[in-house]
Amino acid sequence: MSLLAWKLVHSASMVLFLGNIITGVFWAAHARRTRDLRVIAVTFDGLIRSDRWFTLPCVFLILLSGIALAGRARLPVLSTGWLLWASVSFAVSGVLFGLRVGPLQRRIRDFATSAVAGAEDDWRTFSGMYSRWEVFGLLSIAAAVIPFALMVLKPSLPGL
């Protein structure tokens with residue numbers, strides 16, 4: 001594949017990846033405002049499906065195309081600062097998602113599906129889980145936006 005084709009795959013994958021995770025926060029907040037656990041359950045089920053169909057395939061395309069681009073450009077990943085720190089930040093985003101965000105999404109969906117609508121104790125339990133999901137989700141998004149900025153700006157950063 002040509003260098004330009006790899007750049008297209010890499011850029012399009014990053015845009016789809018970021019768009020999906022950012023709009024997920026929007027839809028979750030929108031569902032939360034309804035205070036209807038049935039709406040929240042359906043929304044989080046949609047977020048989980050969206051991650052399966054869009055986020056995860058984009059992660060693989062981002063990694064594959066990034067490796068291909070670095071190889072084609074003969075850029076050593078560990079000693080090219082912006083590439084190293086973009087990779088580290090992308091990995092941090094993945095770890096946050098895998099260890100916190102993803103499991104919380106499933107717990108929220110399952111809880112909202114089985115909770116009694118309107119019970120104040122259920123709403124407090126949901127709110128605690130949602131707050132943790134929101135914090136870890138925003139941290140994961142921030143860690144995913146950094147590689148995008150580094151990819152575009154290519155600042156002079158120290159490598160190893």
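Residues are classed by relative accessible area as buried (under 20%), exposed (over 50%) or partly exposed (in between), with a 1.4 Å probe and protein chains only. The model is predicted: local features need pLDDT of at least 70 and side-chain atom pairs count only at pLDDT 80 or more, whereas totals for chains, interfaces and linings use all residues. Residues are numbered from 1 along each chain as its sequence is written, and side-chain values use heavy atoms, with hydrogens and water left out.

Two residues stand out by backbone geometry. Most residues other than glycine have a negative phi. K154, which is not a glycine, has a positive phi near 45° and is found in the segment after α4. At 46% relative accessibility, K154 is partly exposed. R35, also not a glycine, has a positive phi of about 60°. R35 is placed in the loop between α1 (3-34) and α2, and with a relative accessible area of 47% it is partly exposed. Helices here are DSSP runs (H or I, at least four residues), numbered from the N terminus.

Helix α2 (residues 37-72) packs against helix α3 (residues 81-114) at an angle of about 160°, and their axes are 10 Å apart. Axes are lines fitted to C-alpha atoms over the stretch in contact, and angles run from 0 to 180 degrees between N-to-C directions. The two helices are therefore roughly antiparallel (over 145 degrees). The crossing of α2 past α3 is left-handed, that is, the near helix is turned anticlockwise from the far one by less than a right angle. Contacts (heavy atoms within 4.5 Å) involve, among others, F44, I48 and I62 in α2 and F90, F97 and I108 in α3. By class, this contact has 15 nonpolar, two polar and four charged residues, where Ala, Val, Leu, Ile, Met, Phe, Trp, Tyr, Cys and Pro count as nonpolar, Asp, Glu, Lys and Arg as charged, and the others, Gly among them, as polar.

The structure holds seven aromatic pairs. Rings of Phe, Tyr and Trp (its six-membered ring) pair if their centres lie within 6.5 Å, and planes under 30 degrees apart count as stacked, over 60 as edge-to-face and the rest as tilted. F44 and W133 form an edge-to-face pair, with 5.1 Å centre to centre and 70° between the planes. F44 lies in α2 and W133 in α4 (residues 120-153), so the pair ties together parts 89 residues apart in sequence. Both F44 and W133 are buried.

The ring centres of Y130 and W133 are 5.5 Å apart and the planes lie at 40°, so this pair is tilted. Both residues lie in α4, three residues apart, about one turn of the helix. Y130 is buried at 2% relative accessible area, and W133 at 3%. Ring pairs link F44, W123, F126, Y130 and W133 into a cluster.

Technical notes:
Angles under 35 degrees count as roughly parallel, over 145 as roughly antiparallel, 65 to 115 as roughly perpendicular and the rest as oblique.
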